[in-house]
Amino acid sequence: METIFSIFRHIFSILFFSTAAVFIVGSFMVFIQGVTAFKSNEKRDMTLVIFGFGIAMLIIGCFIFYLAADVSGHMPKIKEKYVAVSLNMKHSYKHIFHHWNKEVVLENKIEELNNLQQKLAAKQLEIQNLQSEYSNEIEGLVDEIRELQQSGNFRTFSQAKEHPGIFYNLSLIQRKQAYIAKLQETSVRLKYGIYELKYLERAACDDLKMVKTLDNEVVETLIKNINTVIDKYLPDAGKLAIEVDPNSMQTPEQIWQQINSGN
């Protein structure tokens, strides 16, 4: 019974594929005819009808092709063949897979995770260097303020803020402290990002060892999760952008008090 059904399904698929081919070839010929008529300025209204008819035939042909492939059992193979393209196109257009190779796709994602980790680590080092520079500059500004304070014998903030050297130095310290705080927030986010990417990379490496035994759906889910995390941290790997909220800054008077208290 199964053999008879297979023969019937095979004959049915051949008929459907043949019908689809006729529709597709016919629509192409009609399209060519429509283009020719349109260029020669002959019966523009009829040309639009021909175009519409050609497009309708093409759609019907594609639908018959899909139905025939599904009935004949070829559709799962077609889906399997091109699924890698949709999974990988979002992050790497240079890798086009003509066959669903789970191992190759997973290896590429592991490489992406590793590359992003390195970029975040480089960005974190850049932040640490900036923090160190700002801290050293603040120390220099504090020394200048103390020298001006001693030379002018300023005891209160009301007196000190009238001196432009002290006032502008306090304003610079205010900005640099705000930058340091914001850079620290970014550094913490990068740190968690590196750990999350490293975890996913190691988990993917474990799955790669047994990828041939995993279902396609399991691998697809894993790759989707990897893409989500990459999208989450990819902006942090770009140009460093720090925005400071003026309301979060210490006031010049608070900084003056800290300097005089020895902090």
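1. Is Y179 buried, partly exposed or exposed? With a relative accessible area of 24%, Y179 is partly exposed, given that buried means under 20% relative accessible area, exposed means over 50%, and partly exposed lies in between (1.4 Å probe, protein chains only).

2. Some notes on reading the model come next. This is a predicted model, in which local features need pLDDT of at least 70 and side-chain atom pairs count only at pLDDT 80 or more, while totals for chains, interfaces and linings use all residues. Residues are numbered from 1 along each chain as its sequence is written, and side-chain values use heavy atoms, with hydrogens and water left out.

3. Two aromatic pairs are found when the whole structure is searched, where rings of Phe, Tyr and Trp (its six-membered ring) pair if their centres lie within 6.5 Å, and planes under 30 degrees apart count as stacked, over 60 as edge-to-face and the rest as tilted. The ring centres of Y134 and Y179 are 5.7 Å apart and their planes are at 20 degrees, so this pair is stacked. It links distant parts of the chain, since Y134 belongs to helix α4 (residues 102–152) and Y179 to helix α6 (residues 164–209), 45 residues apart; helices (H or I, at least four residues) and strands (E, at least two) are DSSP runs, numbered from the N terminus.

4. F167 and Y168 also have ring centres 5.7 Å apart, but with planes at 70 degrees, so their pair is edge-to-face. F167 is partly exposed at a relative accessible area of 33%, whereas Y168 is exposed at 55%.

5. How do α4 and α6 lie against each other, parallel or antiparallel? Their axes come within 7 Å and cross at roughly 160 degrees, which makes α4 roughly antiparallel to α6. Axes here are lines fitted to C-alpha atoms, for helices over the stretch in contact, and angles run from 0 to 180 degrees between N-to-C directions; under 35 degrees counts as roughly parallel, over 145 as roughly antiparallel, 65 to 115 as roughly perpendicular and the rest as oblique.

6. Helix α4 also packs with helix α8 (residues 252–261), at an angle of about 80 degrees and with the axes 11 Å apart, so α4 is roughly perpendicular to α8. V142, I145, R146 and Q149 of α4 make this contact with W256, I259 and N260 of α8, contact meaning heavy atoms within 4.5 Å.

7. N169, a residue of helix α6, counts as buried at 8% relative accessibility. Leaving aside residues up to four places away in sequence, N169 touches L141, E144 and I145.
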